[in-house]
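The sequence and model are shown first.

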Amino acid sequence: MSRVDELIKELVPKGVQFVTLASIAKTMPGLSGKSKADFSDGNVRFLSYKNIFANLAVDQNAPDFVKVGPGEKQNRLHQGDVIFTGSSETADEVGMSSVVMTEPSEPLYLNSFCFAVRFDDATLLLPGFSKYLFRGDSIRSQIRRTASGVTRINISKDRFMKVRIPVPPRAVQAEIVRILDHFTKLETQVIAELEARKQQRFALARTLFGAPYFRARDGDVVEHVRLGEVATQYVEPLRVRPDVTYTNLGVKWYGEGAFARESKLGIAIKGTTLYGVKPRQFIYNRMFVTEGSFAVVTPEQAEGVVSNEFPVFDLDSSRVLPEWLLLYFQDEYTLKRVAGEVTGTERGSTKSRRRWKEEQFEAFPIELPSVPAQREFLRVISSVAALESALSDELVARRQQYGYYRDKLLTFDEAVA
């Protein structure tokens, strides 16, 4: 029997009390944003859903400020408030961004895409317990059922407040927090080790033959070419049909590969045209190239589609290997060169108006060693990357273990009235 079981048996032998959120809390809605120019005094910054994952850091580049009316000052965030994203692209993302507010150092509000829950009794739930509770599968599944929509999934506040949550004794909450904090600490350690290994790989890559900006071995030849000489844009337009299911691909930052988004029927997709891809094609996100948003399409992803923000290129395999080019675009100096070419106007922290266009990609000059030199470079790097892969697998296992015990610890027998 675990310590949690012992405490429950001792303190609430007949079961844990469950209550609706409406009976113990109220919602604090987000406010509409206004341009800074609209204010003559009292400019107040806000948090958007993009800030939530960054430890509630205020976006210093936010183009908008929140206009706080006389009756809205009570919506200022307090310590212990639980913040949620009220709108998301997929149902699975609903409730994912729930975080517990720490004591703000300045007046902060939420924008209109978010809302907060404030408990009537601040001592009812420990902040750490709230954090884990609202990220557990049991509560999140209830939250997802409060959402609806086609092109955008929105939470219904009325239905949200009917979500039922357990309120175990504080001693039980504290023990659960202690256990789950330990899991979180272990995960943080693995993440730090994985990042250290990545940096080690980058450092090693810069010293190897065949690496960008380093002289090749005697007898080897390095060409100076523009990417358009070895890469040809591939365009396979697909007219979106309302009754067909599409799986859109995205591209992660820092060269971490492409990924499949949640499949959607064509009727739920705003655009009218998508584009096909093939295995081993080179792809990038025009909006986030400075963050290393490049990838090679895998065979498993070849059934996916992309929008026009993701240019796709066939590579001349007799001159350049896709995996080598992907590593080239993970190089810090390469990304700085790319950043110098990105055009457009920044829009807040997302930089969503800045893009690296296809013609810029094609005109981009690179140093290209021979294919044998590229293969040797990849062989050495792959041996180092194997350790990263093992750490990544361990991280996945840790997260699965954490999720299992989190949901197990947060499952209670309900007290019978």
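This is a predicted model: local features need pLDDT of at least 70, side-chain atom pairs count only at pLDDT 80 or more; totals for chains, interfaces and linings use all residues.

Which residue stands opposite valine 305 in S24? Glycine 276 takes that place.

Glycine 276 belongs to strand S21, which spans residues 273-276. Strand S21 is joined to S24 by 2 bridges, and the two run antiparallel. Both strands are part of an open sheet of 3 strands, ordered S16-S21-S24, with antiparallel pairing. At the edges are strand S16 (237-239) and strand S24 (305-306), each of which pairs on one side only.

The aromatic rings come next. The search of the whole structure gives 26 aromatic pairs. Tryptophan 356 and phenylalanine 361 form one of them, an edge-to-face pair. Tyrosine 404 and tyrosine 405 are also edge-to-face, because their planes stand at 85° and an angle over 60 degrees is counted as edge-to-face.

| Ring pair | Centre to centre | Angle between planes |
|---|---|---|
| Tryptophan 356 and phenylalanine 361 | 5.7 Å | 75° |
| Tyrosine 404 and tyrosine 405 | 5.0 Å | 85° |

Tryptophan 356 has 0% relative accessibility and therefore counts as buried. Phenylalanine 361 is buried as well, with a relative accessible area of 0%. Tyrosine 405, at 35% relative accessibility, counts as partly exposed.

Trp356 and Phe361 are also members of a cluster linked by ring pairs.

Note on methods:
Residues are numbered from 1 along each chain as its sequence is written. Side-chain values use heavy atoms; hydrogens and water are left out. Rings of Phe, Tyr and Trp (its six-membered ring) pair if their centres lie within 6.5 Å; planes under 30 degrees apart count as stacked, over 60 as edge-to-face and the rest as tilted. Buried means under 20% relative accessible area, exposed over 50%, partly exposed in between (1.4 Å probe, protein chains only). Two strands pair if DSSP finds at least two bridges between them. Helices (H or I, at least four residues) and strands (E, at least two) are DSSP runs, numbered from the N terminus.
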